[in-house]
Amino acid sequence: MTAEPLRAPAPTPARRTLAARDYWDPDVHAAERASIFGREWLCLGSSAAVRAPGGYVAEVVVGWPVVVVRDAEGVLRAFHNVCRHRAGPLVDDGEGTCRSFVCRYHGWSYELDGALRSARDAGLAPEDLDGLGLLELRVAEWRGLLFVSIDADGPGIEEWLSAGFIAQCDAFPIEAWTPVVRQTHELACNWKTYSDNYLEGYHIPFVHPALARAIDPSSYEVHVEDGWIRHSATTREGASTSGVWLYHWPNLALNLYERGMSVERWLPTGPTTCDLVLDYCFADTADAAAADNQRDIDASTQTCREDTAICEAVQRNLVAGAYVDGLLAPRHEAGVADFQARVVRQREPRASGVV
């Protein structure tokens, strides 16, 4: 009896990408703002600025101006950075300290717990002011990182992060590391264009020459979990990289090393623009470590510049009209496939009041 010849395994069926219009259509952008970013926990970076009562941090997150503060009782609180009178800003974006919030437009003031303190010279009766405290948001602190959620419902922060993601971080004392510098890169591309790029190593030999010399690109793997992804690679010498590169849906990456980390997040600012924000934190911030820390920052900055250039070039082609959709490479782009499928599943809005 003659043995049958061995057959090569069947190729994985091709998967189509998102449509090009998903990367530039204003209606798609509005739907994703409400149904993705309006539902999930969103990282604001380090909680160092709010460790003491009165400390606050404010920024615009996907169009929502938010402020996080530690109140006089030590309770962490978050609010829309919006006065209830005529929508003036309470504080400027950035970090600072205050004893109360005083609107920068007409001077209405609020306690740090959000209660209305004074409607300055408004001539309104006390009963007219009932219920006019600040609009509160959910807020959480996890291992020295701040998170806010626009949605009033949903899981707590540890359930949302998941046990698997948390376990990947256990070996790193991230809450003890000191934030040193923040970089913000304004990208002329849709937030998903950057996500697609971050979630595969297929492009490394052509886009990141220094990184391709440091690691073996053929060893690059993307391990897809439920809502989060881990990247891994070996060095040219064959050793495993000392870091852990983690992504969490929808827009957060923690790049962890023995000496420190970068907290990376990308925030849509419009249908074809986003901000890439990186907070660099280090275990040793003494003068003797400054050169090594700066070398790590410079290497990361160079990688960001290379990613920016290719993502902006891809975005121009997505908008141009020739490309409708494409194919994902199963060997290298499982992370992209998982991300894009999650976008499609979550993009339909629900009746949550998020606008």
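Okay, let's start with the seven-stranded sheet: it's open, its order is β2-β11-β10-β5-β4-β3-β6, and the pairing is antiparallel. Two strands pair if DSSP finds at least two bridges between them.

Quick caveat: this is a predicted model, where local features need pLDDT of at least 70 and side-chain atom pairs count only at pLDDT 80 or more, while totals for chains, interfaces and linings use all residues. Residues are numbered from 1 along each chain as its sequence is written, and side-chain values use heavy atoms, leaving out hydrogens and water.

At its edges sit β2 (41-46) and β6 (94-97), each pairing on one side only. Inside, β10 (residues 136-142) and β11 (residues 145-149) run antiparallel, joined by five bridges.

Look for Y110, whose bridge partner in β9 is L116.

Now the helices. How do α4 and α8 pack? Helix α4 (residues 191-198) meets helix α8 (residues 334-346) at an angle of about 150°, axes 9 Å apart; axes are lines fitted to C-alpha atoms over the stretch in contact, and angles run from 0 to 180 degrees between N-to-C directions. So α4 is roughly antiparallel to α8, a label for angles over 145 degrees. In contact (heavy atoms within 4.5 Å), W191, K192, S195 and D196 of α4 meet V336, F339, Q340 and V343 of α8.

Key:
Helix = DSSP H or I, 4+ residues; strand = E, 2+ residues; numbered from the N terminus. Parallel < 35°, antiparallel > 145°, perpendicular 65-115°, else oblique.
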